[in-house]
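Subject: Structure handover

Hello,

Here is the structure we spoke about, with notes on what turned up in it. Please open it alongside this message.

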Amino acid sequence: MISKEVEKILPLVQKPGRYTGGELNSVVKDKSKVDLRYAFCFPDSYEIGMSHLGIKILYSGANAREDVWCERVFAPWHDMEKEMRERNIPLYALESGDPLSEFDLIGFTLQYELSYTNVLNMLDLAGIPVRAKDRTALTPIVVGGGPCVCNPEPMADFFDIFSLGDGEEISDEIFDLLIDCKKNGSTKAEFLEKAAQIKGVYVPSLYDIEYNEDGTIGKVVPKGAAPEKVTKRVVADLDKVHYPEKFIVPFVEVVHDRVVHEILRGCIRGCRFCQAGFIYRPIREKSADTINTQCRRLCESTGYDEISLSSLSTSDYTHLEELMEKLLEWTEKDKVNIALPSLRVDNFSEKLMGYLSRVRRSGLTFAPEAGTQRLRDAINKNVTEEEMLSTARKSFSGGWTAVKLYFMLGLPTETYDDVAGIAELAQKVVNEFYNNPDRPKGKGVQVSISVASFVPKPFTPFQWEAQDTIDELIRKQEHLLSNVRTKKISVSYHKVNISFLEGVFARGDRRLCDVVEYAWRHGCKFDSWDDSFLFDVWLEAFEKCGIDPLFYTSRKRDYEEILPWDHLDYGIRKQFLIKESKKAYESETTPHCRIQCAGCGSNMINGGKCDALCQSMV
Amino acid sequence: MRCVRVWFKKMGMSRYVSHLDLMRAMTRAVRRAKIPLWYTEGFNPHPYITFALPLSLGMESLCESMDMRIEGDSTNEEIFLMLKSSMPPGIEITDVKDPVHDPKKITFGEFDIFFDCEKGTDELVSLIAEMLNSDELIVQKLGKKGRHKVLKDINLIEFIKEYKIGKLGDRVKLTVILPAGSTTNVNPSLLADEIQKRYAEAVTYSIVRKQLLLENAERFE
């Protein structure tokens with residue numbers, strides 16, 4: 001329950017329902033009867049955080065234990081923070097209303113680089129020192145997880161430990177150790193030493209980083225018994241791992257307000273720009289039966305009328321048709337809609353289209369990523385123009401009139417012809433509509449192009465690449481716009497300043513911790529929100545800390561350079577990434593994992609198992 | 001297909017559930033309860049669920065009602081039992097009945113406004129009495145002028161149908177009947193805000209909607 005003090009400020013803020021807790025299926029326990037209190041923090045607004053599947057899985061998994069009580073914490077929006085600070089109300093967890101400082105373990109999920117300042121702000125709002133070295137007691141221990149943890153160095157000074165890989169695997173071991181240390185009255189140093197021995201736990205303070213004169217890393221030296229390489233954890237069998245039977249159902253409308261089900265983890269495609277496609281390997285599929293049963297149970301416990309089948313590439317799920325048949329058996333009767341995001345254009349079958357037209361119709365979105373075949377080959381997108389146009393044709397015949405196309409600007413080897421190619425491809429889709437005799441009558445077509453700026457990420461074949469400068473990206477955006485000649489095509493793009501900053505932190509090192517702290521102390525937070533983004537303050541922060549951001553973004557690295565994340569092992573062999581990087585320059589593609597194993601090495605961290613490998617061997 | 005009127009209380013933290021959020025929350029509750037809903041027969045079938053009169057965000061209520069169309073031959077008691085256990089926290093089903101009046105006929109609402117102040121309540125009681133006994137109590141109300149929103153001056157005294165001031169321990173309780181409905185609507189927080197503004201001491205308030213009334217002061221059922 002929230003405090004009287006908080007109740008007083010609720011009438012003064014927007015959408016107070018975000019700060020009350022008490023949603024259906026939220027878990028309330030007796031705090032005197034648990035051994036460990038865990039605050040799971042999402043460093044963004046309630047609406048964003050409550051849409052995240054990971055928090056639902058880990059919340060429910062932790063609360064399945066009798067000795068642990070896991071609660072949720074989100075970043076209060078600007079108006080709420082102002083009221084809280086004015087009245088000295090510390091940041092509290094939604095279930096108990098207790099301040100964050102009373103918790104034993106504080107976990108942050110780092111989903112995107114631009115949420116980093118919110119982590120500091122949330123700790124500070126709770127009266128907790130932001131730097132790990134200033135938190136001397138055993139508790140609270142601050143742990144980070146999520147995709148950004150594959151290079152957590154720009155946040156290394158703020159966290160006590162990082163958890164690498166699948167959270168379901170590792171959380172219990174961290175809980176057990178901390179409970180043990182609390183009972184034995186261990187010091188924080190003793191806890192950290194032991195934590196470093198848990199597979200998948202990275203304790204940043206146990207590593208010294210030495211730099212060369214040119215600013216690159218010379219050496220990473222582990223202290224004491226800390227391992228030289230920390231290897232991420234993987235869930236071996238998705239059918240056996242914990243999946244919630246209940247989702248918390250928010251009162252306030254959140255971004256993804258529906259049942260979400262992860263049907264496979266990892267990706268067979270190996271698109272060279274895509275970090276998720278590599279760091280979630282090896283590929284593991286969940287059985288259609290498990291998904292069907294769990295979806296039905298979730299619909300019953302939440303009352304949701306929509307299921308989203310989530311994964312990096314949903315049409316690559318081998319049992320998709322079987323699953324759709326099973327689901328449609330009951331969803332049609334129960335008026336539940338099924339959404340299939342992340343479909344590919346090259347295996348979008350007639351049958352799948354048939355299933356889709358039986359559920360409520362939403363928009364169609366495809367991601368060619370690049371405008372010309374040469375560039376699509378360089379990034380290993382493995383989609384041809386003919387496949388794309390034939391899918392467009394099928395969708396128009398199927399009654400769709402709006403298509404959304406996702407592209408990226410600033411990809412390695414990109415030329416201005418490739419940029420113009422985006423507009424040309426969109427034009428061909430428009431033409432496809434008008435040349436189609438089966439098109440929906442009396443309607444026009446709308447092709448929306450959404451253009452992101454490419455940011456090179458760790459553990460991808462492009463991790464050594466220089467990122468396009470802000471000016472170059474703006475020129476490319478203008479070039480694209482000048483090539484669009486019809487109102488049937490609309491173009492939207494990301495702010496390039498935001499992509500630039502994302503680029504700095506994606507491949508940054510520990511020296512950036514000072515920059516994050518400076519920027520936060522001077523007002524930066526909610527950086528991923530256009531209205532809150534203070535680019536000038538960030539530039540000032542780099543200057544004051546004596547750091548050139550272009551060192552991280554615009555510099556092409558040698559394959560030999562020691563990268564800030566080289567002591568972390570996500571199962572992807574560096575030699576594989578180098579090979580892929582070289583192939584990109586030859587515009588040479590690599591077939592997907594089911595056609596031929598490319599030898600990324602990730603199966604080795606899963607006892608040699610990979611669902612794509614099994615497929616090709618059958 | 002028949003229509004039932006579901007009565008519920010919206011107390012405690014659920015007062016921060018907005019009208020739109022409440023509609024979604026109740027629709028989900030009805031789905032969890034597995035009540036055989038009647039769906040519209042159009043291109044995009046959806047259940048037919050309507051609420052008598054939206055409640056302002058932050059207000060509690062003892063008299064909320066929701067109409068829904070159902071299939072099958074479940075009795076009102078059966079529907080009541082099915083719904084009772086599937087409500088989200090803070091929303092309590094009190095009854096399921098056949099609708100009697102058309103929600104369009106709602107004309108007044110009766111509200112309790114509770115004032116909490118740290119210093120003595122007597123001064124507050126006399127201030128409220130003085131304010132309500134005068135001929136004029138002008139406040140600004142957000143109204144519409146064409147498509148634009150504008151602030152209008154209104155005299156609250158003209159709209160207050162009945163009131164009663166009382167003390168409840170260290171709280172002051174003001175019961176008031178104000179226009180509520182689709183034609184004229186006066187939010188009791190306009191009055192509460194004005195009292196809060198004029199009182200010298202710090203005071204907070206909370207509002208509970210107790211019942212809705214027809215033009216002839218008969219209770220909406």
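The notes below cover the contact between the chains and then some backbone details.

Please keep in mind that this is a predicted model.

The contact between the chains

On the chain A side, 26 residues take part in the contact, and chain B contributes 19 residues. Together, chain B and chain A bury about 1,900 Å², with 60% of that area on carbon and sulfur atoms.

Polar contacts between chain B and chain A number nine residue pairs, with both residues of each pair at pLDDT 80 or more. Helix α1 of chain B (residues 19-32) provides six residues, the largest share of the side of chain B that touches chain A. Sorted by class, that side of chain B has 11 nonpolar residues, seven charged residues and one polar residue.

Backbone details in chain A

Most peptide bonds are trans, and most residues other than glycine have a negative phi. The places listed here depart from one or other of those patterns.

- A:Thr139 and A:Pro140 are joined by a cis peptide bond, with omega about -5°. A:Pro140 is in the loop of chain A between α5 (116-125) and β4 (141-145).
- A:Arg281 and A:Pro282 are also joined by a cis peptide bond, with omega about 0°. A:Pro282 lies in the loop of chain A that runs between α8 (276-279) and β12 (284-285).
- A:Asn25, which is not a glycine, has a positive phi of about 70°. Its place is in the loop between α1 (4-9) and β1 (36-42) of chain A.
- A:Phe459, another residue other than glycine, has a positive phi near 65°. A:Phe459 is in the loop between β17 (446-453) and α15 (470-483) of chain A.

Is A:Phe459 buried or exposed? A:Phe459 counts as buried because its relative accessibility is 6%, and the cut-off for buried is under 20%.

Regards

How values were computed:
Residues are numbered from 1 along each chain as its sequence is written. Chains are lettered from A and ligands numbered from 1 in the order in which they are written. This is a predicted model: local features need pLDDT of at least 70, side-chain atom pairs count only at pLDDT 80 or more; totals for chains, interfaces and linings use all residues. Side-chain values use heavy atoms; hydrogens and water are left out. Helices (H or I, at least four residues) and strands (E, at least two) are DSSP runs, numbered from the N terminus. Buried means under 20% relative accessible area, exposed over 50%, partly exposed in between (1.4 Å probe, protein chains only). Contact means heavy atoms within 4.5 Å. Buried area is the accessible area (1.4 Å probe) that two parts lose on being put together, summed over both. A polar contact is a pair of N or O atoms within 3.5 Å; within protein, one must be able to donate a hydrogen and the other to accept it, and residues adjacent in sequence count only if both atoms are side-chain atoms. Ala, Val, Leu, Ile, Met, Phe, Trp, Tyr, Cys and Pro count as nonpolar, Asp, Glu, Lys and Arg as charged, and the others, Gly among them, as polar.
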